Amino acid sequence: MVNTLILSAEGGPSPVLPHTSEIILGLVAFLILLFIISKFVAPRFEALYAERTAKIEGGIEKAEQAQAQAQKLLEQYKEQLAEARAEAARIRDDARAEGLQIIEELREQAQAESARIVAQGQHQLDAQRAQIVAELRADLGRTAVELASKVVGESLEDETRRRGTVDRFLNELDAVAAPASK
Amino acid sequence: MTNLVLAAEGEFVAPGVKDFFLPPIFGEVTKPMVLVVLSVLIIAAFFLAATRKLSTVPGKFQFIAESIYDFGRNTIAREQIGSKDFKPFVPLLLTIFCFILVNNIFGIVPIIQFPTMSHIGFALAISLFVVYPVYHFVGFKKHGFVGYLKHQTLPPGTPWFVMPLMIPIEFAQKFVMNPLTLAIRVFAAMFAGHLLLLVFTLGGEFLLMQENFLLKLVSPVAFLFAIALTFLEALIMVLQAYIFTLLSANYIGMALAEEH
């Protein structure tokens, strides 16, 4: 304490003149710290940095791969979709064409059927007509002959008889005509 | 500090150089010596603990240590030396930065309250005996003896008639001034800053001890100033550590540079 006071009175040693002991101690302390940091601390950090870089690069690469794969899948799906669309369109077209064809066929069939039915009817009609004509012709001849024989066979005795003959004829004719019209 | 006030006995004795040379704690060991050793222990323990289990996704503690390392590595070393050659100098620059930073910060840590670097010897130890030999050594190694001298003293494109002027100036700057200014810069900043804090703290104390009540009232102003200056000092302490490291890296980078 006394020393300090004396020093304070004198103004103390010059602050810009270094103490040798302090230089040596400072240097030794610094070198020890430098040794510790360069031997242990820095390599650990550098290893960490390298590891981190590797990890990030690996991550980027992985992401790129995933992206490429996704892109490929997308292309594939698009292709499939386009194929499916084309297929659907083709099927639709086919179906439409087929439908048209079916309709056409059906119409043809119907036409043919109707033509056939008409032809059959015509044919039947013709046949019936021919039959009727033939029947009529035969009946007419016979009736005419019958009538003539009756006219000739019966003498015209009186008015009443004549009338009766004619009436009978007409009745007979009616009787014949009725089955013919069936 | 107290004994100084006692010594003053009613008359204010401004703090001065004497306050930087306190009596040894025991034997020849003084306070700054203890602090230097303490700083080494603190930094080494901090980094060893922080790097014991490093993971790619850092925790809080690791993040702090990593930020400091990153600062020394990328912000200072790579910027100044160039991404080609900076790797071997990272531990050196990191050590310089942390060593000076912690020793400066001691100036505002309660109880410790003494910036080690206000003793020029410690600053000189680093600048003159570490940075100076390192940057000249790598320079000579890279460019050869004559080549390096030419490289350092003759910026390319110098006209011949300024050479007689240029060469001595450049030589003096590169080989004499640089290490000295490097040490003096941090020493002077720490010395002046500590002195400033002492003035305001001791002044406030002195005013508080006065009989006069009005003078007692003034003392809080002095203490307020002391607190404000403490924050300023904190900034300067970090800044000085940064500048010291930056310039060291800059000298190394210049010595290694292909061209100026």
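Which residues does B:Leu93 touch, not counting residues up to four places away in sequence?

Modeller: Before the details, a word on conventions. Residues are numbered from 1 along each chain as its sequence is written, while chains are lettered from A and ligands numbered from 1 in the order in which they are written. This is a predicted model, in which local features need pLDDT of at least 70 and side-chain atom pairs count only at pLDDT 80 or more, whereas totals for chains, interfaces and linings use all residues.

Leaving aside residues up to four places away in sequence, B:Leu93 touches B:Gly72, B:Ile76, B:Ala77, B:Thr245, B:Ser248 and B:Ala249. Contact here requires the C-beta atoms of two residues, placed from the backbone, to lie within 7 Å.

B:Leu93 belongs to the largest nonpolar core, which has 65 residues; B:Phe89, B:Leu93, B:Ile100, B:Ala123 and B:Val186 touch the most other members. Such a core is a set of buried Ala, Val, Leu, Ile, Met, Phe, Trp, Tyr and Cys residues joined through C-beta atoms within 7 Å. Buried means that 20 or more other C-beta atoms lie within 10 Å of a residue's own; exposed means 12 or fewer, and partly exposed lies in between, with C-beta atoms placed from the backbone. Two or more residues of this core come from each of α2 of chain A and α2 (31–50), α3 (60–81), α4, α5, α7 (163–208) and α8 (213–256) of chain B. The largest share, 11 residues, is given by α4(B). Helices are DSSP runs (H or I, at least four residues), as are strands (E, at least two), and both are numbered from the N terminus.

In chain B, α4(B) (residues 90–105) also has the highest confidence, with a mean pLDDT of 94, while α1(B) (residues 2–8) has the lowest, at 45. pLDDT is the predictor's confidence in each residue, from 0 to 100. Over residues 1–9 of chain B the score stays under 50, and the model has 11 contacts beyond four places in sequence for that stretch. Chain B as a whole averages 88, with 95% of its residues at 70 or more.

The loop between α4 and α5 of chain B holds B:Ile111 and B:Gln113. Most residues other than glycine have a negative phi. In B:Ile111, however, phi is positive, near 75 degrees, and B:Gln113 has a positive phi of about 40 degrees. B:Ile111 is exposed, with 5 other C-beta atoms within 10 Å; B:Gln113 is partly exposed, with 16 C-beta neighbours inside 10 Å. B:Gln113 touches B:Gly107 and B:Ile108, again leaving out residues up to four places away in sequence.

Ala, Val, Leu, Ile, Met, Phe, Trp, Tyr, Cys and Pro count as nonpolar, Asp, Glu, Lys and Arg as charged, and the others, Gly among them, as polar.

Chain A has 3 helices and 0 strands, and 7% of its 182 residues are buried. Its contact with chain B takes 36 residues from chain A and 40 residues from chain B. On the side of chain A, α2(A) gives the most, with 23 residues; that side divides into 22 nonpolar, 9 polar and 5 charged residues. The model scores ipTM 0.86 and pTM 0.69.
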